Amino acid sequence: MDTDQITVPNDSPVLIGLRIRDARMQRHLKPEALAGQLGISKAHLCNIEYGRKVPSLELIISVAHALAVSLDYLLLGMERVDRPLPDEIQMHSDEFLLSRCLYVRKGKIPWDGL
């Protein structure tokens, strides 16, 4: 098999793990420091970084938050964000989504594919 023709999907566990490792290293964080922030073991983080384990979506969201990168970057390799949103903007954005979700659940506004 010719290795020049091997393609790996952007959302493969190996690439997701490499992106996590790259973002962690750019922030000069040791694996144990990030693992501690995430509430997982260093071994589990290393297994994710090397593509041996597939992280849950909840964990990927936590990693993106901890490393201040976008989910698009971690999952697809697109749009890297090196700075988190200012707290005020993030708070208003989160409040909007939560209030919208509550209104949808109560049937006050139709579901539009938030």
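## How α2 packs on α4

In this predicted model, α2 and α4 pack at an angle of about 120°, with their axes 10 Å apart. Axes here are lines fitted to C-alpha atoms, for helices over the stretch in contact, and angles run from 0 to 180 degrees between N-to-C directions. The two helices are therefore oblique to each other. Angles under 35 degrees count as roughly parallel, over 145 as roughly antiparallel, 65 to 115 as roughly perpendicular and the rest as oblique. Helices are DSSP runs (H or I, at least four residues), numbered from the N terminus.

From α2, Leu 34, Gln 37 and Leu 38 make the contact. From α4 come Leu 59, Ser 62, Val 63, Ala 66 and Leu 67. Contact means heavy atoms within 4.5 Å. Six of the residues in the contact of α2 with α4 are nonpolar, two are polar and none is charged. In this scheme Ala, Val, Leu, Ile, Met, Phe, Trp, Tyr, Cys and Pro are nonpolar, Asp, Glu, Lys and Arg are charged, and the others, Gly among them, are polar.

## How α2 meets α3

The axes of α2 and α3 come within 8 Å and cross at roughly 105°. These helices are therefore roughly perpendicular to each other. Pro 31, Glu 32, Leu 34 and Ala 35 of α2 meet Lys 42, Leu 45 and Cys 46 of α3. The residues of this contact split into five nonpolar, no polar and two charged.

## The nonpolar core

The largest nonpolar core holds 16 residues. Such a core is a set of buried Ala, Val, Leu, Ile, Met, Phe, Trp, Tyr and Cys residues joined through side-chain atoms within 4.5 Å. Ile 20, Leu 34, Val 63, Leu 67, Val 69 and Leu 74 have the most contacts inside it. At least two core residues come from each of α1 (13-26), α2 (31-38), α3 (42-49), α4 (57-67) and α5 (71-76). α4 gives the most, with five residues.

Beyond its neighbours within four places in sequence, Leu 74 contacts Ile 16, Arg 19, Ile 20, Ile 60, Val 63, Ala 64 and Val 69.

## Gly 17 in α1

Gly 17 lies in helix α1. At 0% relative accessibility, Gly 17 counts as buried (under 20% relative accessible area; exposed is over 50%, partly exposed in between; 1.4 Å probe, protein chains only). Not counting residues up to four places away in sequence, Gly 17 touches Ile 48 and Glu 49.

## Basis of the values

Residues are numbered from 1 along each chain as its sequence is written, and side-chain values use heavy atoms, with hydrogens and water left out. In this predicted model local features need pLDDT of at least 70, side-chain atom pairs count only at pLDDT 80 or more, and totals for chains, interfaces and linings use all residues.
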